[in-house]
Amino acid sequence: MTSDFKPTHYLLQSIKTGQQFSDQGWTLDAPNEKEPTLIRTVYEEVQLIVKDASMGIFRFDDWLPVGRYLQGSSAPATYKSEGMAKHLGLENLYVTFSGYWPEKGVTMRTCSFKETEAYTVCGRMGENQKGVLVVASAGNTARAFARVCSDNNVPLLLCVPEDNLDALWFDEPINDNVRLVCTRSGSDYFDAIHLSNKICSLPDFYAEGGARNVARRDGMGTTVLSAVTHIGRIPDLYFQAVGSGTGAVAAWEAVDRFIVDGRFGRNKMKLMVSQNAPFLAIYHAWKADSRDMLPLKDDDARKQVEEIKAKVLSNRWPAYPIAGGLYDCMKDAGGDVISVTNEELDEAAALFEKLEGNDVHPAAAVATASLIKSVNEGAIEKDAVVMLNITGGGEKRFKSEHEVSYLKPNHVFDIQVTMAEIEEVLSGLFQNAVKSKAQL
């Protein structure tokens, strides 16, 4: 069915001003605009035609900014819950599952919806793209990009906190085109981002872009494409745990496209997003009705990150205040931010596994716990159409069926590191791809 694939036609648009422009190959920002804003894709195909399931994530290519097809992907799967739905008294609870659950038709080898981002970002990339892609991650994103870039020979440098290395497991070895550097133990995701930004100032390294990359957001949005096309309508409520908030932004954008599509209703899907206490950066800003993030000292943030179980949710500078970011999306769609403790996370994970039949990642357990809290507080009508976005799961089962090994760092940097040291280390890691400034 790969013969069905054709490069997608689209324009890019500034959310702040509405100006439209062509994608120059790796456009991350609107040209000639003074105020920060996300850009979004405007697809030639207004109505989504879902392709055969054998195409994996590319079955949704009408609404993905991709120019080439990559083998090996798996799309999220949506099903109507029975166990959790009965337990919670919900008549229309739908689970969108990303991870490893062959019986449901989803076989992501890294067990995380971050694969949807990695395949789409690499699918946006031209085959002759030069330089080294740089990705900062708290864990799951790094695992997904490592797998996809290794399999498709894309030069990649990962920046991950040393304390999160247990997330970098793989069922097959990662090739040498993927390299890993870490920020020393005691650092957090913010420190890894800071290191990646320094690296991207060097020649021949380029940023993946995070929330600014339309391919990342639209890849994540396939969770909603899966749900809406399966259910036959836009859900009333959407539950997901957030770190950067990018997945919820992607969900909002997907619903906006479905409203224009016209076949699935015109309702705004409320965004019910959640965080793991005590790291509550988005929660505190939202509850204060503040577009700006509230002050948080570095040492306090690192201490909070040490305490939470869902470490992938620990982004200190999320895609929240920027135009088109989470603050704007939630103001438009409605919804709330919910705080979940480690204890509530554990209880929700155990309940999901018991009632639905598969294990879930801590972040997905946070989303599940937020759903349980909302039901207990009487915030959901029993006949509401609810989408629960399980962003990762099946890892326990996958590891029981596969032998895994861990990617080891090529170098560990101190939190405070000089550009000279960074340049010296990286010139040795990518000798064929990178020239030091002294050579230019």
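Predicted model: local features only at pLDDT ≥ 70, side-chain atom pairs only at ≥ 80, totals over all residues.
Residues are numbered from 1 along each chain as its sequence is written. Local features need pLDDT of at least 70, side-chain atom pairs count only at pLDDT 80 or more, and side-chain values use heavy atoms, without hydrogens or water. Helices are DSSP runs (H or I, at least four residues), numbered from the N terminus.

**Helix α9**
- In α9 (residues 298-307), A301, R302, Q304 and V305 are buried (under 20% relative accessible area, 1.4 Å probe, protein chains only).
- These residues cover an arc of only 160° around the axis, so they lie on the same side of α9; the arc is taken from the directions from the helix axis to the C-beta atoms.
- D299 and E306, on the other side of α9, are exposed (over 50%).
- The buried residues of α9 pack against α4 (189-199), where contact means heavy atoms within 4.5 Å.

**Helices α4 and α14**
- The axes of α4 and α14 (residues 419-429) come within 10 Å and cross at roughly 75°; axes are lines fitted to C-alpha atoms over the stretch in contact, and angles run from 0 to 180 degrees between N-to-C directions.
- The two helices, α4 and α14, are therefore roughly perpendicular (65 to 115 degrees).
- L195, K198 and I199 in α4 meet M419, I422 and L426 in α14.

**Helices α7 and α10**
- The axes of α7 (residues 246-261) and α10 (residues 326-333) come within 9 Å and cross at roughly 45°.
- A248, V249 and W252 in α7 meet L326, C329, D332 and A333 in α10.

Conventions: Parallel < 35°, antiparallel > 145°, perpendicular 65-115°, else oblique.
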